[in-house]
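Hi everyone, thanks for making time this morning.

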Amino acid sequence: MSLAHGRPYLAIPGPSVMPDAVLRAMHRASPNIYEGELVEMVRGMVPDLKYVAQTEGHVAIYIANGHGAWEAALSNVVAEGDRILVAATGRFGHGWADMATGLGIEPQVIEFGRKGPLDPARIAEALAADTEHALKAVLVTHVDTATSVRNDVAAVRRVLDETGHPALLMVDCIASLGCDRFEMDAWGADVMVAGSQKGLMVPPGMAFVFFNDRAAERRAAMKRVSRYWDWTPRATPEFFYQYFGGTAPAHHLYGLRVALDMIREEGLEAIWRRHETLARAVWAAVDVWGSEGPMSMNIADPALRSHAVSALRIGAPYGAQLREWTDSRAGLTLGIGLGMSEPDDPAGTGFFRIGHMGHVNAHMILGALGVIEAGLQALGVPHGRGGVAAAAEVIGGA
Ligand SMILES: *Cc1c(COP(=O)(O)O)cnc(C)c1O
């Protein structure tokens with residue numbers, strides 16, 4: 001029977017679960033977009049966004065999704081015909097590289113596979129080989145949402161410094177911002193991109209490009225930057241409309257204001273700890289289930305796993321069956337395996353992902369794990385007994 005009627009949990013992993021307070025704040029008449037409260041509110045949000053990014057740099061806001069943030073960031077510092085280096089650790093490095101290709105940029109992609117992080121030594125090699133400094137930027141995905149690997153951004157900074165290479169370090173934090181520890185300035189990222197719909201707990205539709213003075217200098221030296229993507233007026237507007245290159249996304253902003261208040265109130269350190277503990281609960285369950293069956297974490301080493309999302313292997317066709325079961329029977333929507341196989345490969349149904357980013361707490365995670373365990377049982381998927389109990393121990397001991 002279906003027991004799905006009740007509050008759904010979309011764990012796909014993004015868009016993430018949105019707080020009721022965010023949704024309530026958005027449910028209102030449009031404000032005046034020329035003066036008054038909205039103008040004041042946006043001015044006050046900029047420091048909070050920088051706090052979340054841990055930067056003293058600048059932020060430009062776009063009405064866009066993550067793909068828009070990718071293109072916006074590149075458009076400001078890399079010109080047609082320029083070369084860049086891209087570290088691919090799953091799906092998203094390739095996605096950003098593809099956006100670059102569309103802009104006439106030439107990406108040199110280093111493939112690190114689907115089961116592990118980037119290797120700074122290979123980036124060092126590529127940088128050292130570029131004696132003429134033709135590479136304008138190194139693109140890194142902090143957390144690849146497809147493989148759930150977490151890359152060491154600071155290590156890439158060290159490699160850039162050691163080789164004396166002037167390329168900008170550009171980081172995709174769309175999955176990780178507000179979930180996994182990220183410190184833009186301390187880790188030496190020059191540019192960072194994020195979206196509203198994951199750790200920031202707001203519907204998709206707003207994107208953020210953070211950049212430091214070094215990146216701003218590159219922007220200033222560009223021959224031409226598309227008027228709409230240009231981050232300069234957005235980060236240092238003379239008139240209110242310049243924040244957004246046109247009409248303000250007023251309702252998203254009301255939602256974001258509340259989300260940022262919630263982030264401030266909980267505090268970033270506590271938010272990072274919450275995500276880590278919840279992730280550990282998920283891993284503990286998977287360890288037990290996998291001890292007598294086909295399930296395993298895609299990233300074997302816990303130290304290399306994201307705390308925002310977990311990619312799992314379970315073997316075809318169990319992944320697809322389990323997702324169908326939890327969705328239709330229990331109101332839990334799990335994520336598909338993304339980029340883990342070719343689209344027509346039947347083995348592609350052997351993966352799934354659990355999103356545990358943003359507005360999620362202990363009872364949601366224990367509930368999700370309980371549902372997965374019930375699904376394994378109902379579907380006859382071989383698994384070790386006691387996964388949920390192991391997760392409860394992590395939560396209870398936290
Ligand atoms: C979700 C995501 C994106 C893409 O964001 P869209 O809003 O779908 O364009 C890019 N990079 C990472 C790491 C993501 O998690």
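I'll talk about an annotated lysine, then the cavity and the pocket, then an arginine and some aromatic rings.

Some housekeeping before that. This is a predicted model, where local features need pLDDT of at least 70 and side-chain atom pairs count only at pLDDT 80 or more, while totals for chains, interfaces and linings use all residues. Residues are numbered from 1 along each chain as its sequence is written, and side-chain values use heavy atoms, with hydrogens and water left out.

Let's start with the lysine. An unreviewed UniProt entry annotates Lys198 as "modified residue: N6-(pyridoxal phosphate)lysine". UniProt positions follow the numbering used here, feature names are shortened, and annotations may be inferred rather than shown by experiment. The unreviewed entry also lists "domain: Aminotransferase class V" for residues 58–282. That span is 42% helix and 19% strand, and its end C-alpha atoms lie 36 Å apart.

So where does Lys198 sit? You'll find Lys198 in the loop between strand S9 (191–195) and strand S10 (207–211). Helices here are DSSP runs of H or I with at least four residues, strands are runs of E with at least two, and both are numbered from the N terminus. Is Lys198 buried or exposed? Lys198 counts as buried because its relative accessibility is 10%; buried means under 20% relative accessible area, exposed over 50%, and partly exposed in between, with a 1.4 Å probe and protein chains only. Leaving out residues up to four places away in sequence, Lys198 touches Gly14, Ser16, Ile174, Ala175, Met357 and Gly358, where contact means heavy atoms within 4.5 Å.

Two of those names, Ser16 and Met357, come back in the lining of the largest cavity, along with Tyr9 and Leu10, among others. On a 1 Å grid over the protein atoms alone, a cavity is a set of points where a 1.4 Å probe fits but cannot get out, a pocket is an open set with protein on both sides within 12 Å along at least five of seven lines, and lining residues have an atom within 4 Å of a point. The largest cavity has a volume of about 30 Å³, and strand S1 (residues 9–11) gives the most to its lining, with three residues.

Now the largest pocket, with about 650 Å³ of space. Volumes are the space filled by probe spheres set on grid points, which are joined across faces, edges and corners. Of its 33 lining residues, the closest to the centre are Arg7, Tyr9, Val17, His359 and Met364. Helix H13 supplies the largest share of that lining, five residues.

Next, Arg219 in helix H8 (residues 213–221). Arg219 is buried, because its relative accessibility is 15%. Beyond its neighbours within four places in sequence, its contacts include Asn76, Asp230 and Trp231.

Last, the rings: there are 10 aromatic pairs. Rings of Phe, Tyr and Trp (its six-membered ring) pair if their centres lie within 6.5 Å, and planes under 30 degrees apart are stacked, over 60 edge-to-face, and the rest tilted. Phe239 and Tyr241 are stacked, 6.4 Å centre to centre with 10° between the planes. The pair Tyr243 and Phe244 is tilted, because the planes are at 40°, with centres 5.8 Å apart. Both Tyr243 and Phe244 are buried. Ring pairs also link Tyr62, Tyr228 and Trp229 into a cluster.
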